[in-house]
Amino acid sequence: MRPQIVIRYIGFVFLFNAFFLFVSSVISFFNHDAGLFPLAYSFLIALLFGLFPLIFVPAPEEITNHEGLVIVVGSWFLSCIIGMLPYILNGGEFTIVNSWFESVSGYTTTGATILNNIESLPLGILFWRASTHWMGGIGIIIFVLAVLPSTGFVGVSLARTEVSISNLKQFRKRTSEAVRIILYIYLGITVLETAALMFAGMNLFDAVTHSFATVATGGFSDKNMSVAAFNSVSIEIIIMIFMILSGTNFALLFSVVVGRFSDLKTSSVFKYYIGSNFAAIILVALDLFFTGSYQSFWEALRYSSFQILSVGTSTGFANADSSVWPAFAQLMIIFFTLQCAMAGSTSGGIKMDRIVIFFKALKRRFRQVLHPNAVFPLVVDGKKLDDNAVSLAVLYITGYIFIVFVSSMLLTLLGVDPLSAFSGSAAAMGNVGPGLSTVGSLENYSQIPDAGKWLLGFVMLLGRLEIYGLVVFFFPQTWKIKK
Amino acid sequence: MKLKFKITAGFLIIAAMLFIAGAWSIFQVKFAGKNLRKMFGENLSMIYETNKLNRALEIEQKAFMLFLLDKKDESVALFNKADSTFSSTLKKIEMNISNKQEKQIIENIKKEYASAKNLTDKLLSDKEEYSKEDYFAKLKTVLEKADKVVDEFHKYYETRLTELTMKIDAEENRSITPGLVAMSAAIVFALLFSFFVNHYVVTPIVTITKKVNDFTENGIPYDYETESNDEIHELSESVRKLTVKAEINRD
């Protein structure tokens, strides 16, 4: 591995962060708020650390897989550290550990916050907070590759590390074209939602920040009461529509845009995505209505649909306090916190694709028990999956649940109550944001002990980088330096 | 890009980081802290004024006690003194109020005091509408109400003082934090700079030296490719040409 090459490409990521820090500081400048210096100074540091490697290090012709992995994972880590700077410099509720938590929560699009009073923050800082979501949504590397001049094999290698090869193949385009399409869809959804929210009555700032959080399935609102603060059915409906879009595989969205509707119709994962969310919404609405949580069924439907979709797409916005809902509704929320939406979207969690593979593998196993000598191929969306693919999916689900449990146990050791520990760990691992109990949809993570915040920050990164990337990053073999 | 530029840029960047942090820390301590200290002083003086209002009301009660003891002249003098103190202090406070909440509290104080003054005026004008006992009961009630509102005002400024103390603490942290961040960034940057200097300057020089020695002692051809395109690259190319000429001459 060549450290200088890694530093060069991480430098580009710093420059990308610097751009958003600059925009945030301009907002603070025109708003005459206290965020100007923290943002401007952070911009300067990011700019200098980004430019300096470019002075020394010439562009390589190619990079190794190890270098690509270190660049991608290193970019995430170091972006989180750069992201901390405006918070630390702003002060207030932002201690070092709180800044780390908020920054990681932003970039990993978790959306869990330590802030008790979000609305007291300067507008520039709020915009920066939303920007970390937007950058982390599809991965900062994707943005960097889109704006850099032709990067050749280097770009392909980085893209395949950031976005899995299987997801890129679904576009049926070259890697570089697929990266651009992902970006256009991402930008397109952001612009459309901003316009729609403004039409529904939001001001430009709120519309942009909420769009950033929706398309990235992040969930940072600039209101203390999240989306509930607006108390607007039209705003909630718009956000729900765009949450569904953001949780859909971008390759499928591209298929719809180019007129290939058959891809959508034949996708069993998409059908499961829509079907499972729809069923959960109805069941939870009925539960809420019949247990007296809401007086009318339509009211129950309004809140259940928003909360289920918010958690099911790993967004994390709230229009109600689901912590006080009956047990069935809460367990449904926990299930969707673990499952989340489709692969190839900005959603976190185990992902529907793996859940579909799991259920199909289970069904196949039952059939094999009944017909031991028969051969039952496992087919998902017309593609035959080998046993290795099934093993990988099941292994991932097992590892995922294991990590959630270990994190929960460690949090309980720190004095956190079991429901908060489990739901918070699941929400962090799935990059969902809100859990239940003391870390519920209208609560925050400020009361979690500092050690717990460091732990949850690490769990968020594990979830965002889908476990293996982050774990392999720490292997000594990854860091063998080329002399 | 030339080596001189790269190395100069590195040192300039470190200097810039430290300078900006130092300048901002000084600005925070000198100017931002100054405003808060001014507000702190203003709040303290408002608390002092509300104490004066409390004392004026106490004097009014004393004056009424004297009136009950048939010491009318002393009573009238004390009432007038209390009234004068209360009115002038209230005027002074009114000139310094800055928000709606303070204005509302002042209006309440004026209203309650006006009721008290109305009663005392009737008492002192010898137009005895009520008995002394009734006057005592009524005046006691309105003075207590006025006292309560003044206390509310007092508590309001005490709360603001506490908030300002916390803000001053926060400002102190804001003065220190940029310096700490800058020092950390400068240390990291220095390490990065040191790595680059070692990789792109020191290591190539050491390698070129070794390759030249290999050529002179063992006749191994010089074949070193530098990564960068600067003075080190030029040195390497010059050495290559030298070794080629030396080989030709040797042949």
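Start with chain B and chain A shown together: they bury about 2,300 Å² between them, 82% of it on carbon and sulfur atoms. Buried area here is the accessible area (1.4 Å probe) that two parts lose on being put together, summed over both. This is a predicted model, in which local features need pLDDT of at least 70, side-chain atom pairs count only at pLDDT 80 or more, and totals for chains, interfaces and linings use all residues. Residues are numbered from 1 along each chain as its sequence is written, chains are lettered from A and ligands numbered from 1 in the order in which they are written, and side-chain values use heavy atoms, with hydrogens and water left out.

**The interface**

Select the residues in contact (heavy atoms within 4.5 Å): 26 come from chain B and 20 from chain A. Polar contacts number 2 residue pairs, both at pLDDT 80 or more. A polar contact is a pair of N or O atoms within 3.5 Å; within protein, one must be able to donate a hydrogen and the other to accept it, and residues adjacent in sequence count only if both atoms are side-chain atoms.

On chain B, colour helix H1 (3-68) and helix H4 (132-218); each supplies at least two residues of the side that touches chain A. Helices (H or I, at least four residues) are DSSP runs, numbered from the N terminus. H4(B) gives the largest share of that side, 14 residues.

**Phe52(A) and the core**

Next select Phe52(A). Beyond four places in sequence, Phe52(A) touches residues of chain B, including Lys6(B), Ile13(B), Phe189(B) and Phe196(B). Phe52(A), Trp325(A) and Tyr445(A) have the most contacts inside the largest nonpolar core, which has 151 residues. Such a core is a set of buried Ala, Val, Leu, Ile, Met, Phe, Trp, Tyr and Cys residues joined through side-chain atoms within 4.5 Å. Helix H3 (residues 65-90) of chain A contributes the largest share of this core, 14 residues. A second, separate core of 30 residues includes Ile47(B), Phe64(B), Tyr113(B) and Val149(B).

**Salt bridges**

Over all chains the count is 20 salt bridges. Go to Lys6(B) and Asp230(B), whose closest N and O atoms are 3.1 Å apart in a salt bridge. Asp230(B) is in the loop between H4 and helix H5 (231-250) of chain B and Lys6(B) in helix H1, so the pair ties together parts 224 residues apart in sequence. Both Asp230(B) and Lys6(B) are buried (under 20% relative accessible area; exposed is over 50%, partly exposed in between; 1.4 Å probe, protein chains only).

In chain A, select Glu236(A) and Arg302(A), a salt bridge at 2.8 Å, N to O. Glu236(A) lies in helix H11 (residues 233-246) and Arg302(A) in helix H15, 66 residues apart in sequence. Glu236(A) is buried at 2%.

Then pick Arg354(A) and Glu466(A), joined at 2.9 Å, N to O. Arg354(A) is buried at 17%, while Glu466(A) is partly exposed at 24%. Salt bridges that share partners join Lys351(A), Arg354(A) and Glu466(A) into one network.

**Helix H15**

Finish at Ser310(A) in helix H15 (residues 297-312) of chain A. Ser310(A) is buried, with a relative accessible area of 1%. Leaving out residues up to four places away in sequence, Ser310(A) touches Met243(A), Thr315(A), Gly316(A) and Phe317(A).

Technical notes: A salt bridge is a side-chain nitrogen of Lys or Arg within 4 Å of a carboxyl oxygen of Asp or Glu.
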